[in-house]
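This briefing concerns a single chain and its computed geometry. Please have the sequence and the coordinates open while reading.

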Amino acid sequence: MKIIISVLFLAFTCQLAFSQSIKEGLALLDNDNVPAARKVFQIILQKNPKDAGAWYYLGEMAYHDEKSDSAAWFYNKAREANPDSYFAHVGNGTIQLDKNMKSEADKSFGKALRAAGDKEKAFVHSLIGEAYLTSRFPNYDKAIQAFTEARDLDTKNAKAFVQLGDAYLAKGQVGDALSSYELASNKDK
């Protein structure tokens, strides 16, 4: 009986590991299910330790928990896993922003955009905007600029409109924020 239970558990764990993806982890994060998202990213890394995206999102979760040392460690692991990944460059830029190293962060974000394919550019602009928006030294104008680029590159993505609205709201431009949120709701009811 113990052998059967062990085999079933192993089969379930293997199936879970192969069925997990970054998109699933992001969906869990969007629904504020951080523990489950963390588990998904850990399972991805058990399967593929070179997945820079999974390392990056573990770093993001640590960053938003205000554990900047842990976040830096995860972002560094993303860079070790794939030094040319846009995830590695955005993570590096995020830490540089928190150290008030603005020009270095801008260079890292430029590298991230150059590393991204055409279909990924909107997504990378969103990541950069999020870094500017949530930094210890936020730059709302650069966040708005990045989110505007993301929105313009992917006009069907409601999340880009929401992010842009969040940046406007943080800057105190309530009217622009409301307009952006309204457009987001028109994109995705």
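Predicted model: local features only at pLDDT ≥ 70, side-chain atom pairs only at ≥ 80, totals over all residues.

Residues are numbered from 1 along each chain as its sequence is written, and side-chain values use heavy atoms, with hydrogens and water left out.

**Overall fold**
- The chain has eleven helices and zero strands, where helices (H or I, at least four residues) and strands (E, at least two) are DSSP runs numbered from the N terminus.
- Its pattern along the sequence is α-α-α-α-α-α-α-α-α-α-α.
- Of the 189 residues, 40% count as buried; buried means under 20% relative accessible area, exposed over 50%, and partly exposed in between (1.4 Å probe, protein chains only).
- Among contacts (heavy atoms within 4.5 Å) with a separation of 6 or more, 44% join residues 24 or more positions apart.

**Nonpolar core**
- A nonpolar core is a set of buried Ala, Val, Leu, Ile, Met, Phe, Trp, Tyr and Cys residues joined through side-chain atoms within 4.5 Å.
- The largest such core holds 44 residues, and those with the most contacts inside it are Phe41, Val90, Phe109, Val124 and Ile128.
- At least two core residues come from each of α3 (34-47), α4 (52-64), α5 (68-81), α6 (86-98), α7 (102-115), α8 (121-134), α9 (140-153) and α10 (158-171).
- With nine residues, α4 gives the most to this core.
- Not counting residues up to four places away in sequence, Phe41 touches Ile22, Gly25, Leu26, Leu29, Ala54, Tyr57, Leu58 and Met61.
- In soluble globular proteins, nonpolar side chains tend to be buried together.

**Helix α8**
- Ten of the 14 residues of α8 are buried, so the helix is mostly covered.
- The buried residues of α8 are Ala122, Val124, His125, Ser126, Leu127, Ile128, Gly129, Ala131, Tyr132 and Leu133.
- Their cover includes α4, α6, α7, α9 and α10.
- The expected span of a helix is 1.5 Å times one less than its number of residues; for the 14 residues of α8 this should be 20 Å, and the end C-alpha atoms are 20 Å apart, which agrees.

**Cavity**
- On a 1 Å grid over the protein atoms alone, a cavity is a set of points where a 1.4 Å probe fits but cannot get out, and lining residues have an atom within 4 Å of a point.
- Grid points are joined across faces, edges and corners, and a volume is the space filled by probe spheres set on the points.
- The structure holds one cavity of 30 Å³ or more, and the largest cavity has about 30 Å³ of space.
- Its lining is made of Tyr56, Glu60, Tyr63, Thr94, Leu127, Glu130, Ala131 and Thr134.
- α4 and α8 each supply at least two lining residues, and α8 gives the most, with four.

**Single residues**
- Ala72 is in helix α5 and counts as buried because its relative accessibility is 19%.
- The C-alpha atoms of Ala72 and Ala62, ten residues apart along the chain, are separated by 8.8 Å.
- Ser180 is in helix α11 (residues 174-187) and is buried, with a relative accessible area of 4%.
- Leaving aside neighbours within four places in sequence, Ser180 is in contact with Phe161, Leu164 and Gly165.

Note on methods
1 Å grid on protein atoms, 1.4 Å probe; cavity = no way out; pocket = protein on both sides within 12 Å on 5 of 7 lines; lining within 4 Å.
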